[in-house]
Amino acid sequence: MYDVAIIGAGINGCSVAHELTEVSKKVILFDMSGVSGGGSGAAGAFISPKFSKSGELKEILHDAFVYSMEFYESKFPHVLTKSPLLHIAQDEQASEILKAYKEQTTLELQKPSDELLSQLKPQAKKEENISLNAGVVNAEALCNALCKSATFKKAKVDSLVYDEGVWVINETYTAKEVVLATGAYETLIDEPYIKLRGVWGHRIDIKTSTKNSHSIHQFVSISPSKNGVLAIGATHNVHYHPQSATEPYNVVEGREELLEKASRTLELKDVEVIKDYTGLRSGSFDYMPMVGSLVISKETLLNKNIRFKVKKANYEEYEYYPNLYMINGSGGYGFVLAPYLAKILTEYMLSAKKISPRLQPARFFARWAKKLP
Ligand SMILES: Cc1cc2nc3c(=O)[nH]c(=O)nc-3n(C[C@H](O)[C@H](O)[C@H](O)COP(=O)(O)OP(=O)(O)OC[C@H]3O[C@@H](n4cnc5c(N)ncnc54)[C@H](O)[C@@H]3O)c2cc1C
């Protein structure tokens with residue numbers, strides 16, 4: 001019997017495995033495609049804040065950025081490349097947002113080096129930009145390091161049944177608690193209010209004689225170069241979905257698009273693509289991540305004492321699946337959010353520390369139930 005079974009070994013599942021094994025919990029981790037075999041393995045894995053004017057997502061990403069940089073630096077420095085980040089506006093509207101961000105932020109800003117600016121394309125040079133200390137992590141090495149003390153099983157979880165106070169997985173493994181960290185691939189629990197958007201992404205590693213010391217974000221993300229190799233990535237393809245597509249993803253066209261977009265920002269010389277990574281990232285419908293327990297909609301709706309058509313729902317009135325949790329919906333910021341969210345989730349699991357309502361999956365149940373006839 002395991003204390004906790006985690007389904008999904010992306011950055012979210014592995015971060016939760018790390019927190020729980022640190023406090024000596026017996027953890028089993030399942031993934032049908034291996035550690036970091038989903039969206040996490042495709043990620044450029046840049047650690048950056050969200051450059052927007054205001055909003056809950058900006059606030060949470062600010063806190064998560066500060067927390068995660070410190071976390072990676074202190075616990076996993078071998079997989080973190082600290083590098084200045086240069087974020088360049090794509091257009092007039094984005095320039096205005098960057099200007100406002102610069103005025104409000106408490107993060108320390110810096111001036112990009114003259115050497116870097118001289119490499120930028122003339123149009124990119126003209127646009128508003130912002131630069132600060134940030135980093136990039138090696139996604140695969142990080143996920144493996146995070147889950148090293150958990151038992152890993154390469155298997156698809158098809159069956160998850162709660163029986164006499166214990167979760168039974170694939171009719172074989174038992175665990176007291178279960179964490180669903182399945183990204184955009186599966187939900188496993190069939191609840192009508194849980195909806196996630198899968199956005200397809202493509203990253204390439206290229207050999208190039210262009211030397212670049214910054215993480216540069218404009219139309220795509222470009223990593224600093226190391227031994228003549230740099231990564232270019234984006235999750236821009238909202239039209240392709242591996243589960244519904246009739247044709248395989250066109251890797252050659254994807255490469256061309258990434259290189260064309262990167263070269264609008266930076267002059268890349270002597271390019272040779274050496275590796276492709278593809279995957280889905282999952283986003284929630286309000287863009288905020290989803291962390292916490294899952295409401296059982298059928299049982300909750302049967303409770304005649306609950307008023308669903310209210311402005312401010314009381315999540316404590318709902319019925320929840322016993323010892324079942326979710327961590328998902330990180331959008332394009334999984335590596336920024338995961339250490340921070342895993343801390344929040346495990347503090348809730350271990351000591352019932354409350355999770356902010358804006359992060360709980362229950363908010364989607366409340367919105368869904370309110371609209372029912
Ligand atoms: C091209 C690209 C670039 C990106 N760049 C960045 C970036 O620079 N910075 C950043 O912070 N984020 C970035 N992201 C987003 C980031 O990758 C995601 O937010 C993150 O990977 C989400 O992690 P996850 O653990 O939730 O999901 P995933 O990594 O997708 O993990 C879910 C795992 O669950 C497994 N699974 C699902 N169902 C089952 C089942 N039934 N049984 C067994 N296993 C199952 C899947 O195989 C998968 O491995 C990028 C994404 C892509 C695609």
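1. S15 touches L146, A338, P339 and A342, leaving aside residues up to four places away in sequence; touching here means heavy atoms within 4.5 Å. A word on the basis: this is a predicted model, where local features need pLDDT of at least 70, side-chain atom pairs count only at pLDDT 80 or more, and totals for chains, interfaces and linings use all residues. Residues are numbered from 1 along each chain as its sequence is written, and side-chain values use heavy atoms, with hydrogens and water left out.

2. S15 sits in helix α1 (residues 11–22); helices are DSSP runs of H or I with at least four residues, and strands are runs of E with at least two, numbered from the N terminus. S15 is buried, at 3% relative accessible area (buried is under 20%, exposed over 50%, partly exposed in between, with a 1.4 Å probe and protein chains only). Its side chain reaches the backbone oxygen of I11 at 2.6 Å.

3. Now to V251, which belongs to helix α8 (residues 251–262). V251 is partly exposed, with a relative accessible area of 30%, and touches H202 and D276, again not counting residues up to four places away in sequence.

4. On to the ligand: 39 residues surround it, the closest being D31, S40, F46, V157 and G331 (a residue counts if one of its heavy atoms lies within 4 Å). A backbone N or O atom of F46 is 2.8 Å from a ligand oxygen atom, while for G38 the distance from such a backbone atom to a ligand oxygen atom is 3.2 Å.

Notes: A polar contact is a pair of N or O atoms within 3.5 Å; within protein, one must be able to donate a hydrogen and the other to accept it, and residues adjacent in sequence count only if both atoms are side-chain atoms.
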